[in-house]
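Hi,

Here is the structure I promised to pass on.

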Amino acid sequence: MKALRLCLLLILLSSPLLFSQWASQSSLTTLHLLDVQFVGRQNGWVVGNNWSEARGTLRSTYNTEFMRTTDAGATWLKKSLPGLAVWKLHFQSPTLGWAVGETDGRRSLIMKTSDGGSSWVIQDSSNQGMYFASVRFVDPFNGWAVGAPSYPSHDSIGAICRTTNGGSTWVAVNNPNIANPNDIFFVDAQRGYAVGYSGAIIRSTDGGVTWNEVARALVSYPTGPMKEPLRKIFFVDRDHGWAVGGITGVETKMRTSDGGLTWLTDNISMGGSSLHGVWFTDVNNGWTVGGGVGGLVIKRTSDGGVTWTKQPVPWTNGYFYGVCMTGANEGWVVGDFGRILKTSNGGVTSVGEGETNIPREFTLNQNYPNPFNPSTAISYQLPALSVVTLKVFDILGREVIALVDGVVEPGEYTVVWDGRNSRGDQQSSGIYFYTLSTSERSITKTMVLVK
């Protein structure tokens with residue numbers, strides 16, 4: 001009997017998905033779920049549409065489905081809105097909310113509800129060939145929406161609109177070139193931020209009347225630096241914010257701790273998944289979701305975004321588009337094919353697990369891109385607390401620079417080498433070696449710098 005119990009325990013411990021705390025929930029739809037929001041624990045909304053199928057037809061026929069719960073997801077009610085494609089929503093209270101998207105006729109769409117989503121009133125559909133991708137209110141009166149042209153090119157310029165009367169009227173404002181804006185977030189009636197396809201982060205301090213670029217997500221490829229799209233931005237207070245995005249297998253994350261004046265671009269994961277949603281409950285604990293090249297992904301951080309840990313999910317294909325946490329432990333994720341996940345413990349994925357999933361092996365990944373110019377990303381994993389060095393050497397074996405040198409917690413990490421030595425001098429084209437070492441072992445790989 002003891003042997004049987006031990007065998008069962010080993011089987012359970014070897015299968016992390018059995019302990020995955022992102023549990024699949026029953027859904028009333030198979031449409032692409034693009035957003036989820038809760039006001040408190042009880043009242044929540046999920047919205048999805050058939051945008052990918054409709055866009056592939058000669059004459060688009062959109063359909064949107066809202067699902068609402070008033071009992072923390074125990075039961076849901078569904079409402080269909082044919083002829084509309086809603087992308088995002090924002091609720092100020094259990095009854096008052098807005099939703100944005102586009103109509104069958106390729107006109108922009110802003111809608112308002114005063115009864116929790118049972119009925120909707122169109123407030124604006126004045127822009128032909130435009131869709132609104134995001135909406136944000138800070139109170140029942142002051143709100144903003146961002147949009148982009150339907151079927152935009154990567155360099156198309158969209159629009160930013162604002163209202164001061166609850167959406168009765170919307171006015172277009174100054175819009176610097178953030179190209180196809182994806183999301184907007186205001187921390188109060190004066191200070192706000194928006195992100196777009198070009199990787200730019202713009203900031204307003206006058207209620208959205210004027211905007212200025214404060215940062216841009218750039219990733220270096222052999223052909224030169226490229227703009228990486230940012231898809232979602234979130235602030236937990238006036239100082240601490242995060243933006244996520246990426247495309248073509250580049251997972252991009254940015255963060256600020258000074259109100260958006262300066263941004264750090266870190267944890268760029270080559271070959272990873274593009275990120276579409278992000279949520280923080282405080283300055284340390286956050287979640288981000290996405291999909292694509294690297295598969296469906298939910299990641300969690302407990303150090304403000306310095307490091308992220310991937311959490312198991314029950315599927316591999318498609319995208320997750322939205323995440324909303326109602327507290328430090330409870331939250332929701334939505335995505336393709338009507339998928340809804342819920343966690344009641346923050347997504348902790350195994351018995352006795354702490355804040356992060358610990359890698360099982362000591363690993364050094366191949367740098368990406370390779371060859372590269374002017375910079376490249378190097379990722380590695382540590383299964384235990386270690387004194388670590390990550391050094392770059394030239395072809396003669398001379399040390400060029402130490403990228404990491406010190407005590408490192410177990411986890412997954414990515415560092416970027418900009419092709420310079422420890423004095424800041426740009427290095428010449430050629431073959432270089434990078435070595436990850438601990439007291440127990442070391443791994444060396446080769447990379448090529450081209451000019």
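**What I found**

Thr389 sits in strand β33 (residues 386-393); helices (H or I, at least four residues) and strands (E, at least two) are DSSP runs, numbered from the N terminus. Before the rest, some housekeeping. This is a predicted model, with residues numbered from 1 along each chain as its sequence is written, local features needing pLDDT of at least 70, side-chain atom pairs counting only at pLDDT 80 or more, and totals for chains, interfaces and linings using all residues. Side-chain values use heavy atoms, with hydrogens and water left out.

Back to Thr389: its relative accessible area is 19%, so it counts as buried (under 20% is buried, over 50% exposed, and in between partly exposed, using a 1.4 Å probe and protein chains only). Leaving out residues up to four places away in sequence, Thr389 touches Val404, Asp405, Thr435, Leu436 and Ser437, where contact means heavy atoms within 4.5 Å.

**A charged residue inside**

Have a look at Asp35 in strand β2 (residues 32-39). Asp35 is buried but has no salt bridge, and the nearest side chain of opposite charge is Lys88, 4.4 Å away. For charges, Lys and Arg count as positive and Asp and Glu as negative, while His and the chain ends are not counted. A salt bridge needs a side-chain nitrogen of Lys or Arg within 4 Å of a carboxyl oxygen of Asp or Glu. The Asp35 side chain does reach the backbone nitrogen of Leu89, at 3.0 Å. Residues that Asp35 touches, not counting those up to four places away in sequence, include Trp45, Val47, Trp87 and Val334.

**Salt bridges**

How many salt bridges does a search of the whole structure find? The search gives twelve. In general, side chains of opposite charge can pair when their charged atoms come close.

- Glu213 and Arg216 form one, with the closest N and O atoms 2.7 Å apart. Glu213 is partly exposed at 41% relative accessible area, and Arg216 is partly exposed too, at 26%.
- Lys342 and Glu330 meet at 3.5 Å, N to O. Lys342 is in strand β30 (residues 340-343) and Glu330 in the loop between β28 (320-325) and β29 (331-335), so this pair ties together parts twelve residues apart in sequence. Both Lys342 and Glu330 are buried.
- Asp425 pairs with Arg423, the closest N and O atoms being 3.3 Å apart. Asp425 is partly exposed at 36%, whereas Arg423 is exposed at 65%.

Salt bridges with shared partners also join Arg41, Glu330 and Lys342 into one network.

**Strands**

Strand β8 (residues 108-113) has five of its six residues buried, so it is largely enclosed by the rest of the structure. Strand β7 (residues 97-103) pairs with β8 in the antiparallel sense over six bridges (strands pair if DSSP finds at least two bridges between them), and Ala99 stands opposite Met111. Four residues lie between the strands of this hairpin, where Arg106 takes a positive phi near 60 degrees. β8 also pairs with strand β9 (residues 121-124), antiparallel, over three bridges; there, Ile110 has Asp124 as its bridge partner.

Elsewhere, four strands make an open antiparallel sheet in the order β14-β15-β16-β17. β14 (181-186) and β17 (212-216) are at the edges with a single partner strand each, so one side of each has no neighbour in the sheet. Within this sheet, strand β16 (residues 200-204) and β17 pair over four bridges, with Arg203 opposite Asn212.

Cheers

Conventions: Polar contact = N/O pair within 3.5 Å; in protein donor to acceptor, adjacent residues only side chain to side chain.
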